[in-house]
Amino acid sequence: MEVREVGVVGLGTMGAGIAEVFARGGLSVTAVEADRDALARGMSILGSSLGRAVSRGKLTEDEHAQILGRVRPGSAMTSLSGADLVIEVVPEQLAVKRQVLAELDQVLRPTAIVATNTSSLSVTTIAAGSAYPGRVVGMHFFNPAPVMRLVEVVSTVLTEPAAGQAVTALARRLGKTPVQVTDRAGFVANALLLPYLNHAVRLLETGYATRDDIDLAVTAGIGLPMGPLALLDLIGLDTSLAVLQVLQREFGGTRYTPAPLLRRLADAGRTGRKSGSGFYDYPAQSPPAAGSPAGQRAEPPPPGTVTLIDPAAAGARTGAAEGAGPHSERAAELASLVAAAGISVTRNPVHPTDLVIVAVGPQGGVLGPATAAGRAADAVGLHVAAPGLAEIVPTPLTAMTLGCGYPRGPVRMLAEAGVERAAEVLAAMHAGYGDPAFAPPPLLTDYARGGLPPLGHEAS
Ligand code: CAA
């Protein structure tokens, strides 16, 4: 069956983007929102996306007018009666989606196809509420829909093969790349993507790295187009939370447990770009470039002198003087990078210098060598992860962000219990119950190993 006339129900960010894709593909589109303001907002998202394409020289004014002319805004489901395919892009609530499908049952021809762009609900469950479940297919676009090429075509056990084939053919006609998937939580892309994004939130909330550095590590080090926190803002923190929750329900364990910070921000309505703030702020007129901080940070002046501690060299463990033992390849490389920047490097840990660097590998481990060299209080680890990316690894004593957002109570309690004891108890519970949630965090183990007082104890 050839699809010529389509309907889009729900004109949020994704709905407006999908309507744009259809209209650009030459289809006649009816865009429905029950609420007049939401309809106006959706049409304005569509208009500005096309306007941006004109200003970038990707579309002519004529093409812009033609594409916009193919989109007919409407507020009643009856305006969809002539459609060959209708896609619902309403909020991710089963009752709302089922209500839309029930209304479509009343107005569409029995041969019409009903697609759902759900990212977190079961297509089967949505379809089962329809009088014609065989014509319901998942058609999952990615944000921003006009740009991302992938469309996941989700067939359920109820889907008639012809409906799945028609949606696949349509996706191809629109210049997209369809992949066939069955109805499994997260389908393919989200099942892979969301645990990674969630992990980034955990890194942020446990103070291992700052927001900007987490995103920079991914864009500059791994080469992805956006950092994970910027991407969460693009997807929507509420949507991301919903996907994680469904993954957790379906597969259990702790892998998909949403990071508390993600949940808190979503609960607070800081859902990302669409609300004006998430991990980043998005001023109405000038959103920051993807994956980049809103403003420039003032850089402190570079150090003039650096002490380099090489964890692999015996000298570092014994605190021996400069020149004892050869540098490992990693430390030698770092020493020449520092020297090339015009900074004087010494290996003698007793020399007073502006900065103490431990040349760590990807596995970290700053505190041991720094403590052995007697410089635990002012050493930072440096790991050159890729030609353009240096990972800075603070020790607990130099991690200025540690404890941010956490109440002081538990830290004080930790000081009273003693870090070694706390790490031992956690390790015993982990061994006894096998639950990863009891595994002592590396930071605690570092404190215990270094025989250091916890931060709260120090600060008080
Ligand atoms: N709407 C329409 N077009 C947009 C757009 C938007 N919101 N944002 C960017 N574009 C277009 C630009 O107009 C530009 O088009 P041209 O090349 O034709 O001029 C192109 O995209 C590149 O944009 P920019 O130069 O402004 O910015 P960029 O090069 O940094 O790219 C990006 C922006 C395309 C968003 C890129 O950063 C990217 O690909 N990010 C990854 C996005 C991603 O992973 N999406 C999937 C999320 S998962 C999901 O959506 C599924 C789910 O269910 C949760």
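Trainee: Strand 2, residues 28-32: how many of its residues are buried?
Mentor: 4 of the 5 residues in strand 2 are buried, so the strand is mostly covered. Bear in mind that this is a predicted model.

Trainee: How do strand 1 and strand 2 pair?
Mentor: In the parallel sense, over 5 bridges. Take Val8: its bridge partner in strand 2 is Ala31.

Trainee: And strand 1 with strand 4, in which sense do they pair?
Mentor: Parallel again, over 4 bridges. Strand 1 covers residues 5-9 and strand 4 covers residues 85-88. Val6 stands opposite Leu85 there.

Trainee: What holds paired strands together in general?
Mentor: Strands of a sheet pair through backbone hydrogen bonds, either parallel or antiparallel.

Trainee: Zoom out. What is the strand order in the sheet of 8 strands?
Mentor: The order is 3-2-1-4-5-6-7-8. The sheet is open, and its pairing is mixed.

Trainee: Which strands stand at the edges?
Mentor: Strand 3 (71-74) and strand 8 (177-182). Each has a single partner strand, so one side of each has no neighbour in the sheet.

Trainee: By how many degrees are neighbouring strands turned against each other?
Mentor: 25° on average, direction ignored.

Trainee: Switching to the ligand. How many residues surround the ligand?
Mentor: 20. The closest are Arg56, Ser119, His140, Asn143 and Asn190.

Trainee: How do those shell residues divide into nonpolar, polar and charged?
Mentor: 12 are nonpolar, 5 are polar and 3 are charged.

Trainee: Which helices each supply at least two residues of that shell?
Mentor: Helix 2 (36-55), helix 7 (189-205) and helix 9 (228-235). Helix 9 gives the most, with 3 residues.

Trainee: Give me distances. How far is the side chain of Arg56 from an oxygen atom of the ligand?
Mentor: An N or O atom in the Arg56 side chain is 2.8 Å from a ligand oxygen. For Asn190, the distance from a side-chain N or O atom to a ligand oxygen is 2.9 Å. Arg52 goes to a nitrogen atom of the ligand instead, with a polar side-chain atom 3.1 Å away.

Trainee: What share of the ligand's accessible area does the protein cover?
Mentor: 68% of the 1000 Å² that the ligand has on its own.

Trainee: Back to Asn143. What kind of peptide bond joins Asn143 and Pro144?
Mentor: A cis one, with omega about 0°. Pro144 lies in the loop between strand 6 (136-141) and strand 7. Asn143 is also among the residues closest to the ligand.

Trainee: Where is Phe187, and is Phe187 buried or exposed?
Mentor: Phe187 sits in the loop between strand 8 and helix 7. Its relative accessible area is 4%, so Phe187 is buried.

Trainee: New topic: Ala128. Where is its place?
Mentor: In helix 5, residues 123-128. Its relative accessibility is 47%, so Ala128 counts as partly exposed. Thr156 is 28 residues from Ala128 in sequence, and 9.9 Å away in space, C-alpha to C-alpha.

Trainee: Last one: strand 9. How many of its residues are buried?
Mentor: 4 of the 5, so strand 9 (residues 305-309) is largely enclosed by the rest of the structure.

Trainee: How many bridges join strand 9 to strand 11?
Mentor: 4, and the two strands run parallel. Val306 stands opposite Leu355 in strand 11. Strand 9 also pairs with strand 10 (residues 344-346), in the parallel sense over 3 bridges. In that pairing, Thr305 has Ser344 as its bridge partner.

Terms used. Residues numbered from 1 in each chain as written. Predicted model: local features only at pLDDT ≥ 70, side-chain atom pairs only at ≥ 80, totals over all residues. Heavy atoms only, no water. Near = heavy atom within 4 Å. Polar contact = N/O pair within 3.5 Å; in protein donor to acceptor, adjacent residues only side chain to side chain. Areas by Shrake-Rupley, 256 points an atom, 1.4 Å probe, with all protein chains shown as cover. Nonpolar A, V, L, I, M, F, W, Y, C, P; charged D, E, K, R; others polar. Pairing = 2+ DSSP bridges. Axes fitted to C-alpha atoms, helices over the stretch in contact; angles between N-to-C directions. Buried < 20%, exposed > 50% of the residue type's maximum accessible area, 1.4 Å probe, protein only.
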